[in-house]
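Subject: Structure handover and what was found in it

Dear colleague,

I am passing on the structure that we spoke about, and below it you will find my notes. Please read them with the structure open beside you.

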Amino acid sequence: MIMGCVFSLPEDRLVAFDRPQTTRETSFIDKMKKTGKNIVVFYGSQTGTAEEFANRLAKDAHRYGMKGMSADPEEYDLSELSRLTEIENSIAIFCMATYGEGDPTDNAQDFYDWLHEGDADFSGVKYTVFALGNKTYEHYNAMGKYVDQRLAELGAQRIFDLGMGDDDGNLEEDFVSWREQFWPAVCEHFGVEATGEESSIRQYELKVHSDLNMNKIYTGELGRLKSFENQKPPFDSKNPFLAPVTVNRKLNKAGDRHLMHLELDITGSKIRYESGDHVAVYPINDSVIVNRIGDLLGVDLDTVISLNNLDEESNKKHPFPCPTTYRTALTHYLDITNPPRTNVLYELAQYATEPKDQENMRKMASSSAEGKALYQSWVLDSCRNILAILEDFPSLRPPIDHLCELLPRLQARYYSIASSSKVHPNSIHICAVVVEYKTKTGRVNKGVATNWLKNKMPADNGHKATVPMYIRKSQFRLPFKSSNPVIMIGPGTGIAPFMGFVQERGWLKEQGKDVGETVLYYGCRYKNEDFLYQEELEEFEKTGVLTALNVAFSRDQAEKVYVQHLLKKNKEAVWRLVHTDNAHIYICGDARYMARDVQNAFYEIAEELGGMSRAQAVDYIKKLMTKGRYSQDVWS
């Protein structure tokens with residue numbers, strides 16, 4: 001089946017790994033003065049995209065006779081923003097992604113808190129904001145909008161309108177269109193001319209190592225060298241724990257999909273988690289794709305290299321941990337399966353020896369309507385990754401070091417934890433569906449993380465299969481008072497966090513606590529095919545841990561039945577729980593259709609049984625969200 005390809009998967013931000021901790025310079029103003037920069041681009045990034053955009057804007061500056069630097073707000077003292085006026089023709093650009101339920105990304109949390117509480121005077125400071133979000137979410141671009149509005153309130157001068165990037169549509173096109181209008185506006189504002197330099201500038205230079213001791217070479221670690229061999233807590237995004245896989249079983253009984261349940265052993269790691277948290281795992285790319293790229297480019301992938309930043313003042317010394325081999329970089333550190341963004345095509349175009357190939361690549365990276373349409377159909381809709389592009393442009397054979405410089409970092413993948421730490425303190429459960437689909441070019445694309453996890457079988461022949469992981473705390477929490485009823489709605493793999501919730505409610509009951517009604521709405525295609533955790537759920541129902549188990553089998557009858565239909569069917573019981581008994585509502589799964597349809601079902605129930613107008617019903621649900629009684633853990 002043909003599915004839309006995913007551009008960016010949720011995962012953690014990227015931070016320089018070999019930053020000297022002691023001599024960290026927290027003044028970005030002093031750094032800008034020292035290095036002759038007049039543009040600073042701050043990024044709030046969770047999956048690396050905002051950081052990528054920030055780097056592109058910083059690189060753009062030189063075409064206009066200016067000098068830019070990108071900066072992680074976590075590394076600098078942002079209260080210095082008011083000093084930006086000391087630098088002539090200066091601008092602060094903010095590329096801000098929104099994460100979760102309208103929250104800042106991890107690396108922008110302190111900046112957000114400071115903006116929220118502070119009362120700085122930014123008069124004379126010039127700024128603009130580009131926001132990254134996804135329209136299917138309730139709080140679309142909340143973080144970007146907030147920063148844009150708050151800076152203006154504090155007296156800063158907005159020199160270009162807020163840009164809105166929508167990852168549900170075409171985020172790349174939104175960014176390119178905004179950027180094409182932004183730079184001319186900057187030139188006009190400062191009265192400068194574009195230098196017209198469209199040439200590609202390298203950010204890193206290649207060093208090939210011929211005689212390095214093997215112990216000095218990175219083999220996939222994310223921070224400290226040898227951290228996978230010599231593990232030390234605390235474990236986090238830069239120091240993941242290698243958790244052994246103890247269980248890996250197929251959940252569905254039939255059908256062409258592969259749904260799986262994995263258990264990761266965290267004994268002795270000091271890792272703590274709560275029901276509702278996310279586990280982040282760092283996958284690796286398929287060796288078949290890696291080898292094929294090496295073959296096409298005629299490269300010995302085991303060459304040991306470093307890519308060193310040409311800007312010696314930069315905090316980011318390398319694009320990924322170095323020294324390492326091309327093979328390790330393409331396997332562990334670089335994203336080789338998502339469709340490349342337009343800047344990658346633009347910079348690689350110079351290496352195509354066939355003028356037609358060069359022209360097409362430049363066209364796709366241009367802001368012309370024809371170019372945008374070509375990029376949309378030829379790259380995005382066709383789900384062409386970098387390998388497919390190299391195969392379909394036979395004259396394009398770039399130097400592999402420039403390719404490695406341009407590709408984005410491979411990101412961690414987040415999964416809702418499917419267990420309760422009260423019941424499983426030393427084990428984290430994952431429930432996921434293996435992603436595999438045919439593209440319009442006839443190629444088969446496979447999800448990086450799910451196919452890698454599928455092959456992680458518990459110890460066979462004494463060798464332990466391990467998964468590098470860490471925990472990301474979430475706001476998705478059971479009610480503080482166990483006597484509050486809960487309504488959980490999670491079709492498909494959206495069942496994951498509710499397995500943890502139900503286990504925990506069962507444990508609370510065993511402790512003699514007063515536990516309120518526990519109601520689950522679950523959905524799958526066919527009862528005999530993909531009813532996940534059927535035995536466990538029916539047992540929970542039998543023992544009274546689950547007060548009600550409502551299951552929608554969408555394809556077991558002529559007309560499709562989904563979770564929202566069951567909610568409406570049981571509207572009286574639902575309304576009583578919500579309106580009279582203070583129930584907490586939880587929704588997990590697909591954001592684009594399911595979460596929206598479920599929300600509409602709640603609107604309709606409130607209208608019908610609460611005697612409200614649509615506007616009042618919308619307001620009613622919004623108030624539940626504000627009170628933390630309507631929580632979503634959704635993805636698109």
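I begin with the aromatic residues, where ring pairs link Phe53, Tyr64, Phe130, Phe160, Phe175, Trp178, Phe182 and Trp183 into a cluster. Rings of Phe, Tyr and Trp (for Trp, its six-membered ring) are taken as a pair if their centres lie within 6.5 Å, and a pair is called stacked when the planes are under 30 degrees apart, edge-to-face when they are over 60, and tilted for the rest. By this rule the count comes to 29 aromatic pairs. In one of them, Trp178 and Phe182, the ring centres are 4.9 Å apart and the planes are at 5 degrees, so this pair is stacked. Both residues belong to helix 5, and because they are four residues apart, about one helical turn separates them. Helices (H or I, at least four residues) and strands (E, at least two) are DSSP runs, numbered from the N terminus. Trp178 is buried, with a relative accessible area of 6%, and Phe182 is buried too, at 0%; buried means under 20% relative accessible area, exposed means over 50%, and partly exposed lies in between (1.4 Å probe, protein chains only).

Before going further, please keep in mind that this is a predicted model, in which local features need pLDDT of at least 70 and side-chain atom pairs count only at pLDDT 80 or more, while totals for chains, interfaces and linings use all residues. Residues are numbered from 1 along each chain as its sequence is written, and side-chain values use heavy atoms, with hydrogens and water left out.

Rings also meet charges here. Arg384 lies over the face of Trp378, at 3.8 Å from the ring centre, and Lys422 lies over the face of Trp507, at 5.9 Å from the ring centre. A charge sits over a ring if NZ of Lys or CZ of Arg is within 6 Å of the ring centre and within 35 degrees of the ring normal.

Next come the salt bridges. Side chains of opposite charge can pair when their charged atoms come close. The rule used asks for a side-chain nitrogen of Lys or Arg within 4 Å of a carboxyl oxygen of Asp or Glu, and by it the count comes to 40 salt bridges. One of these joins Asp148 and Arg158, whose closest N and O atoms are 2.9 Å apart. Asp148 lies in helix 4 (residues 142-153) and Arg158 in strand 6 (residues 157-158), so the pair ties together parts that are ten residues apart in sequence. Asp148 is buried, at 8%, whereas Arg158 is partly exposed, at 38%.

Arg202 and Asp401 form another salt bridge, with the closest N and O atoms 2.8 Å apart. This pair links distant parts of the chain, since Arg202 is in the loop between helix 5 (171-190) and strand 8 (204-209), Asp401 is in helix 12 (residues 400-406), and the two are 199 residues apart. Arg202 is partly exposed, at 26%, while Asp401 counts as buried, at 11%.

What does the largest nonpolar core contain? It has 40 residues, and those with the most contacts inside it are Ile293, Phe320, Leu330, Ile336, Leu348, Leu396 and Cys404. A nonpolar core is a set of buried Ala, Val, Leu, Ile, Met, Phe, Trp, Tyr and Cys residues joined through side-chain atoms within 4.5 Å. A second, separate core of 32 residues includes Leu566, Val574, Phe602 and Tyr630.

Finally, an unreviewed UniProt entry lists Arg257, Thr493, Ser554, Arg555, Lys560, Val561, Tyr562, Val563, Gln564 and Asp597 under "binding site". They span 341 residues in sequence and the farthest two C-alpha atoms are 24.4 Å apart, so they do not all gather at one spot. UniProt positions are given in the numbering used here, feature names are shortened, and annotations may be inferred rather than shown by experiment. Among the listed residues, Gln564 is found in helix 17 and counts as buried, at 10% relative accessibility. Leaving out residues up to four places away in sequence, Gln564 touches Asp597, Val598 and Ala601, where contact means heavy atoms within 4.5 Å.

With best wishes
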